[in-house]
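Good morning, and thank you for coming.

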Amino acid sequence: MSEVHGQTVSYVRDKMIDEQVPPVAEAGAIKWLRTNLFSGWLNILLTVISLYVVYLALSLVLPWAFGGVWNAGSLTECREVLFSFYKSSHGGACWAVIEDRWLQIMFGFYPPELYWRPILAFALFFIALAPVLFADKVPGQLIWFSLAYPFIATWLIWGGAFWAPILAAMGFVVGVLVLKVLGKITGPIVANLGAVVAALLWWGAIMGPINDGLNKMVGGGRLESRIATLQEEADRLPREVAEMEAISADKAAGIAEAVAVKNDMLQAMAEIRIEEFAVEAQLEPKEIALRRLVGAEESLENLAAILNEWDGDPTAASDASETDVSKAQVASDRASGLIQDVSDLLAESIGDIENDTVEPSVVAAEMVASAAAEDPSILTDADALVAKATLIDPLTALQERSEGITTQSSLDDIGALRVDIMVVIASLDADIATLSGIQDKIIASNVEDLVEPQAALLSQMADLAALRDEATVVAQDTFRVSTAQSNGRTFLSSLMTLPDQEASVPELRDQTIALRDALPRSQRGLIAVSQLPDDASSDEQAALSGYLDAQSTELSIQASIADTYAELGRVGLRPIDSRDIGGFMLALIIGIAGIVLSLPLGILLALGRQSHLFIVNKICVTFIEVIRGVPLIVWLFTGSLLLNYFLPPGTNFDLLLRVIIMVTLFAAAYIAEVIRGGLAALATGQYEGADSLGLSYWQSMQLIVLPQAMKISIPGIVNTFIGLFKDTVLVVFIGLSDPIGFSNLIRADTDWNGIYWELFVFIGALFFIFCFAMGRYSLHLEKKLQREHR
Amino acid sequence: MSDTTTERAVNRDAMKVSDEVAISITDMNKWFGTFHVLRDINLTVNRGERIVVCGPSGSGKSTLIRCINRLEEHQAGTILVDGTELSSDLKNIDKIRSEVGMCFQHFNLFPHLTILENCTLAPIWVRKTPKKEAEETAMHFLRKVKIPEQADKYPGQLSGGQQQRVAIARSLCMRPRIMLFDEPTSALDPEMIKEVLDTMIELAEEGMTMICVTHEMGFARQVANRVIFMDAGQIVEENEPEAFFNNPQSERTQLFLSQILGH
Ligand SMILES: Nc1ncnc2c1ncn2[C@@H]1O[C@H](COP(=O)(O)OP(=O)(O)OP(=O)(O)O)[C@@H](O)[C@H]1O
Ligand SMILES: [Mg+2]
């Protein structure tokens with residue numbers, strides 16, 4: 001074959017050209033730049049504009065953020081330090097507030113010695129999350145930990161006896177057991193209802209007595225030893241508190257000393273700068289005067305132009321038309337205005353220079369005194385400084401001359417005046433230039449002189465901050481011990497009276513029963529005297545109120561016994577009040593609880609909205625529409641104020657819990673709509689496929705429909721979650737101290753009054769980290785699912 | 001489109017019809033709103049019978065076989081499947097559905113599960129078969145439909161014919177006593193049609209009771225022991241394949257057959 005070709009084809013390439021590197025402009029970074037940033041004139045324009053905007057933004061923000069002060073005890077101190085660096089108190093951020101208060105922004109009023117509890121809860125959260133987020137990478141048994149996590153976390157954060165979370169979790173176990181047993185005997189609806197009833201029964205009626213019993217059992221055994229330790233503590237703690245107070249006083253003295261040193265340093269730095277200030281005082285009025293003179297000179301120029309064009313007084317000519325007359329009028333008015341301006345500006349600049357606070361000679365003396373010692377050239381400059389009088393005299397003469405000018409003055413006169421003003425301008429200009437030169441030299445030599453004191457100031461501020469931290473720790477310890485002391489005292493007295501109280505219970509009960517039996521049968525169920533019929537006699541009223549009093553005494557004694565035992569018998573963590581939980585931790589608790597609870601609720605609502613069961617469907621639709629149609633803040637107010645109104649009196653329903661419920665319901669409505677979109681996007685064939693295999697409704701939902709619908713809905717779900725998480729800051733309006741609430745609290749402190757930006761930047765950054773992470777995870781998940789089942 | 005069927009000899013002797021009744025439909029009527037889709041349907045299918053249902057589009061073929069496993073609800077008459085009456089009792093419905101396999105025109109595989117998971121899902125969750133056993137069964141049927149090597153892929157990665165065979169295997173994994181096919185080959189290329197029909201013929205040879213909506217007349221001739229022609233919601237003609245094709249009684253059937261076989 002090849003020979004044939006060799007003859008018939010005139011030229012066949014038998015050697016391939018080696019592969020070549022593409023031209024520089026078509027490869028690597030340059031190619032990338034060309035195609036992405038500079039591909040056409042519009043693109044180039046946009047690139048340049050955006051680069052410029054980015055540069056502008058960064059050039060404002062970065063120096064502010066990175067030139068900030070980290071160690072200071074108050075906004076005033078911050079400003080002092082900033083001023084000693086930049087000669088302006090706005091040159092940098094005052095991050096010291098974050099340094100000082102970040103623990104509060106994170107944890108609220110949670111006791112600092114117990115910070116490990118929320119931190120541990122948060123760390124465990126990620127372990128609990130692993131089986132959900134990375135199901136394919138961790139062992140399946142970990143899901144049990146995820147299920148137990150809500151109880152563990154609640155216990156860690158709020159504290160209490162270790163059996164409390166176990167008892168609470170048992171409610172679910174009871175529910176599931178009942179479901180299993182009833183499921184075998186009856187239909188699914190009865191079984192589900194039975195399970196719910198059983199769980200509620202457990203939580204409402206069985207859990208409390210078991211808890212009390214455990215408390216009593218453990219507490220009874222500890223009574224003696226506890227009384228002994230408390231008495232021993234009562235002797236010891238006051239001494240400890242006294243010692244700590246002495247230490248505190250020491251620290252306060254140390255701090256006062258450090259503050260004095262710092263003030264001296266600031267003073268010294270101000271002295272180094274004193275010549276700068278002197279020159280500035282000299283410079284500023286001169287610069288203003290110069291601007292005025294330039295203005296006067298320009299006015300004269302304009303005046304000359306107008307007069308030149310106008311050329312005399314056309315109104316004198318008899319043939320002047322009406323328009324000419326009116327034009328002449330305008331020109332004459334403007335000329336008069338300009339003349340007035342010139343005169344005023346000249347007068348003002350004389351005033352400026354006269355007001356000039358420091359004589360140039362004084363400045364020169366200053367130079368001699370100090371700065372010149374380092375830079376002799378300053379002396380020469382100072383010699384050249386013009387005396388104030390040498391400027392004022394010619395200016396006064398000029399001003400007098402300017403008053404002589406009218407619209408009738410000759411152009412020559414005006415020109416001459418202009419030239420003379422320019423001479424003064426030139427001399428003033430030279431004067432200013434000399435001063436600026438001096439100023440630059442002084443600043444340059446001061447910069448070096450200031451380096452050391454500035455560094456010393458920073459380290460002094462750091463020492464001061466450290467001292468203050470120590471003082472805070474001591475103060476917290478003192479507070480803790482003295483609280484423990486007073487609590488111990490109260491508890492000791494309730495322990496002492498415990499036997500008496502217990503002994504009095506049977507008697508009180510007998511008394512209550514006797515009083516009750518004395519009442520007419522129809523009145524025994526009443527709970528207030530006002531419920532008696534109007535015509536009840538005063539004896540009847542007295543009898544009922546006696547019975548009610550006795551009953552409430554008995555109940556309160558019983559409650560106090562139960563409380564004492566709970567405290568005595570607690571094997572577990574110190575309980576923390578919801579009021580002490582605040583800051584970013586609060587946002588996280590509400591956010592995470594809301595997210596975890598709203599997803600299942602949202603799924604149920606979405607399924608309900610799709611359901612063919614009329615009532616279920618309508619309930620879900622109404623719920624979703626009502627919740628979605630009202631702003632979250634309204635629901636939060638409803639939760640915090642109105643809910644109490646509807647609940648039976650005496651039920652003390654934790655505000656935080658109410659907020660979590662409201663946030664959950666709100667987010668669930670949105671999640672439901674997002675998931676409904678996913679369900680609608682699913683082909684009916686999927687439902688039919690599942691049905692034809694004999695899967696039950698819940699099985700086909702769980703195994704076929706929801707996994708696919710959820711996959712479609714991931715972006716929407718995560719979006720809702722991010723929104724929910726950020727919306728938690730709204731709780732500030734119902735009096736919870738979330739991060740924003742805390743920023744208000746911090747500002748209420750006189751030390752930090754007036755600080756905004758730094759706090760908001762910090763809080764914003766905290767939220768951003770979490771929201772960004774959620775967004776990234778959702779992208780990762782989408783990609784992964786996309787890969788797996790196309 | 002008629003004769004894409006196999007050249008291989010079909011072993012009709014193996015297909016025994018017993019006297020036991022598998023499905024019996026009496027005076028069944030169904031409406032969609034006011035539209036009367038199925039009128040007075042009477043049909044008895046014995047165990048081991050292979051019924052082919054054909055008829056023009058919109059005549060109610062799909063609706064009829066979907067009624068048999070209650071994907072559609074009928075409004076009058078009775079349907080007995082294996083002696084159990086289809087009513088709104090959920091327990092009966094789930095029981096019947098797990099006894100009756102169904103293959104759809106568009107396969108309806110679950111795209112988020114692998115082929116193996118598709119096949120083991122129902123046995124594990126409905127029949128409560130242990131996972132291992134379910135997987136063995138699934139592999140057995142996947143071998144039978146000749147795609148065991150695809151077990152770990154996702155449905156989206158398979159061809160149409162392969163997907164339909166998976167769908168058949170998925171139904172078989174529930175060990176159904178009756179199989180319903182709703183135009184299993186009409187979304188496929190001729191090549192793939194053959195794969196699927198081969199599988200169905202094998203099933204028939206094993207004695208499976210089948211009701212098959214299809215326009216594959218070759219398949220009907222070879223495999224069916226009765227062909228049913230439907231029009232406008234009614235069973236117009238019902239006969240053995242030879243008689244049905246060679247000697248159609250009603251005019252409507254003749255017209256339909258001439259259209260479908262004519263060219
Ligand atoms: N869900 C429904 N609601 C209302 N009408 C329907 C519904 N499903 C089917 N129909 C109507 O019922 C009639 C019968 O439909 P069916 O799907 O049973 O026809 P078919 O014989 O299977 O037709 P094809 O050969 O095109 O599949 C059609 O006219 C159709 O429009
Ligand atoms: Mg059809």
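**The ligand and the cavities**

A polar side-chain atom of B:Ser62 lies 2.6 Å from an oxygen atom of ligand 1. This is a polar contact, a pair of N or O atoms within 3.5 Å. Before I continue, please note that this is a predicted model, in which local features need pLDDT of at least 70 and side-chain atom pairs count only at pLDDT 80 or more, while totals for chains, interfaces and linings use all residues. Residues are numbered from 1 along each chain as its sequence is written, chains are lettered from A and ligands numbered from 1 in the order in which they are written, and side-chain values use heavy atoms, leaving out hydrogens and water.

B:Ser57 also places a polar side-chain atom 2.6 Å from an oxygen atom of ligand 1. For B:Glu183, the distance from a side-chain N or O atom to an oxygen atom of the ligand is 3.1 Å. How much of ligand 1 does the protein bury? Taken alone, the ligand exposes 640 Å², and the protein buries 58% of that; these areas come from the Shrake-Rupley method with a 1.4 Å probe.

Let us turn to the shell around the ligand. Among the residues surrounding ligand 1 are B:Phe32, B:Pro56, B:Gly60 and B:Lys61; a residue is near a molecule if one of its heavy atoms lies within 4 Å of it. The largest share of this shell, three residues, comes from α1(B). Helices here are DSSP runs of H or I with at least four residues, and strands are runs of E with at least two, numbered from the N terminus. By class, the shell holds four nonpolar, six polar and two charged residues.

I now come to the cavities. A cavity is a set of points, on a 1 Å grid over the protein atoms alone, where a 1.4 Å probe fits but cannot get out, and its lining residues have an atom within 4 Å of a point. How many cavities of 30 Å³ or more does the whole structure contain? The search finds five.

The largest cavity holds about 80 Å³ of space. Its lining includes A:Ala72, A:Glu99 and A:Arg468, and the elements giving two or more residues to that lining are α5 (96-107) and α16 (411-518) of chain A.

The second largest cavity holds about 50 Å³. A:Leu230 and A:Arg489 are among the residues that line this second cavity. Here, the elements that give two or more residues are α9 (188-272) and α16 of chain A.

Conventions: A polar contact is a pair of N or O atoms within 3.5 Å; within protein, one must be able to donate a hydrogen and the other to accept it, and residues adjacent in sequence count only if both atoms are side-chain atoms. Ala, Val, Leu, Ile, Met, Phe, Trp, Tyr, Cys and Pro count as nonpolar, Asp, Glu, Lys and Arg as charged, and the others, Gly among them, as polar. On a 1 Å grid over the protein atoms alone, a cavity is a set of points where a 1.4 Å probe fits but cannot get out, and a pocket is an open set with protein on both sides within 12 Å along at least five of seven lines; lining residues have an atom within 4 Å of a point. Grid points are joined across faces, edges and corners, and a volume is the space filled by probe spheres set on the points.
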